[in-house]
Amino acid sequence: MICWTSPTTPFGRKVRMFAIEKGVADKIDWRAVDPWNDPALQEKNPIQKIPTLEVDASTRLYDSRVIVAYLETLDGPNLVPAATRFDHLRFEAMADQYCESGVLRIRENFRPEPQRSPDWIERQRGKQQRVLDALEADADKLTDTPTLAAIAVAAALGYADLRFTAEDWRATRPRLAAWHARFAQRPSYQQTMPPS
Ligand SMILES: N[C@@H](CCC(=O)N[C@@H](CS)C(=O)NCC(=O)O)C(=O)O
């Protein structure tokens with residue numbers, strides 16, 4: 001299998017952490033591609049986003065939630081417990097939204113100044129802050145064991161540390177910060193740290 005990703009994408013990081021915890025990371029050839037500038041990605045994935053998983057010559061999977069769902073079907077520990085499945089999917093949706101809003105904010109700031117929309121940037125920032133507050137409120141549901149919810153949230157917080165350092169998400173979210181400090185010790189987190 002080939003996974004097209006990058007060292008900094010939080011969605012690719014979620015998939016990679018999940019694969020490591022599932023015990024299947026070595027079955028995947030992790031390759032870097034620039035989704036913004038490499039037209040070859042369009043041939044593999046019509047939405048031209050990373051991560052994209054080539055399972056075999058005729059099967060390509062996207063987006064990261066679909067890839068994670070596929071990896072969960074492989075042999076290995078169960079990372080999405082059936083009894084709490086919808087909690088896990090909700091945490092994943094919140095974590096992914098944090099990252100999607102972050103990507104939109106950053107891309108908006110790449111536009112020439114007259115074309116930028118402060119309202120749009122603020123809308124995305126608001127979503128990010130509300131997600132972080134909701135994660136703080138629900139922090140007791142995050143486990144120290146590597147489940148989908150924990151992996152998705154850890155990848156999002158890693159993205160916060162990479163791209164939104166000045167917003168200091170820890171300042172008003174002590175329970176989330178304490179959980180993250182423990183989870184960040186895991187080899188799957190350490191091995192997927194983005195270059196700073
Ligand atoms: N919902 C997608 C989001 C993936 C995504 O937005 N990836 C970014 C990089 S972090 C990307 O490839 N963007 C290229 C584009 O939007 O054209 C997923 O979970 O895989």
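1. Tyr 98 has a relative accessibility of 3% and therefore counts as buried, the cut-off for that class being under 20%. The model discussed in this note is a predicted one. Phe 164, at 8% relative accessibility, likewise counts as buried.

2. The structure holds three aromatic pairs. One of them joins Tyr 98 to Phe 164 in an edge-to-face arrangement, with 6.3 Å from centre to centre and 85° between the planes. This pair links distant parts of the chain, 66 residues apart: Tyr 98 belongs to helix α4 (residues 85-110), while Phe 164 sits in the loop between α6 (148-163) and α7 (174-183).

3. How are the rings of Trp 179 and Phe 183 arranged? Their centres are 5.1 Å apart and their planes lie at 20°, so the pair is stacked. The two residues are four places apart in helix α7, which means that about one helical turn separates them. Both Trp 179 and Phe 183 are buried.

4. Arg 107 lies over the face of Trp 36, at 3.6 Å from the ring centre. Arg 90 lies over the face of Phe 91, where the distance to the ring centre is 5.3 Å.

5. The domain assignment divides the chain into domain 1 (2-72) and domain 2 (82-190). Taken over C-alpha atoms, the centres of the two domains are separated by 20 Å. Domain 1 gives 13 residues to the contact and domain 2 gives 21 residues. The size of an interface is often expressed as the accessible area lost when the parts come together. Here the area buried between domain 1 and domain 2 is about 1600 Å², and carbon and sulfur atoms give 66% of that area. Four salt bridges are found across the interface of domain 1 and domain 2.

6. Side chains of opposite charge can pair when their charged atoms come close. The structure holds 19 salt bridges. Among them is the bridge between Arg 186 and Glu 21, with an N to O distance of 2.8 Å. A network of salt bridges links Lys 14, Arg 65, Glu 92 and Asp 96.

7. Which parts of the chain does the salt bridge of Lys 44 and Glu 54 tie together? The closest N and O atoms of Lys 44 and Glu 54 are 3.9 Å apart. Lys 44 lies in helix α2 (residues 40-44) and Glu 54 in strand β3 (residues 52-56), so the pair ties together parts that are 10 residues apart in sequence. Glu 54 also meets Arg 60 in a salt bridge, at 3.6 Å from N to O. Glu 54 is buried, with a relative accessible area of 12%, whereas Arg 60 counts as partly exposed at 34% relative accessibility.

8. Trp 120 lies in helix α5 (residues 118-137) and is partly exposed, with a relative accessible area of 36%. If neighbours within four places in sequence are left aside, Trp 120 is in contact with Leu 104 and Glu 108. Leu 104 is 16 residues from Trp 120 in sequence, and the two are 8.8 Å apart in space from C-alpha to C-alpha. Glu 108 in turn forms a salt bridge with Arg 111, the closest N and O atoms being 3.3 Å apart. Glu 108 counts as buried at 8% relative accessibility, while Arg 111, at 35%, counts as partly exposed.

Conventions: Residues are numbered from 1 along each chain as its sequence is written. This is a predicted model: local features need pLDDT of at least 70, side-chain atom pairs count only at pLDDT 80 or more; totals for chains, interfaces and linings use all residues. Side-chain values use heavy atoms; hydrogens and water are left out. Rings of Phe, Tyr and Trp (its six-membered ring) pair if their centres lie within 6.5 Å; planes under 30 degrees apart count as stacked, over 60 as edge-to-face and the rest as tilted. Buried means under 20% relative accessible area, exposed over 50%, partly exposed in between (1.4 Å probe, protein chains only). A charge sits over a ring if NZ of Lys or CZ of Arg is within 6 Å of the ring centre and within 35 degrees of the ring normal. Domain bounds come from an automatic or database domain assignment. Contact means heavy atoms within 4.5 Å. Buried area is the accessible area (1.4 Å probe) that two parts lose on being put together, summed over both. A salt bridge is a side-chain nitrogen of Lys or Arg within 4 Å of a carboxyl oxygen of Asp or Glu.
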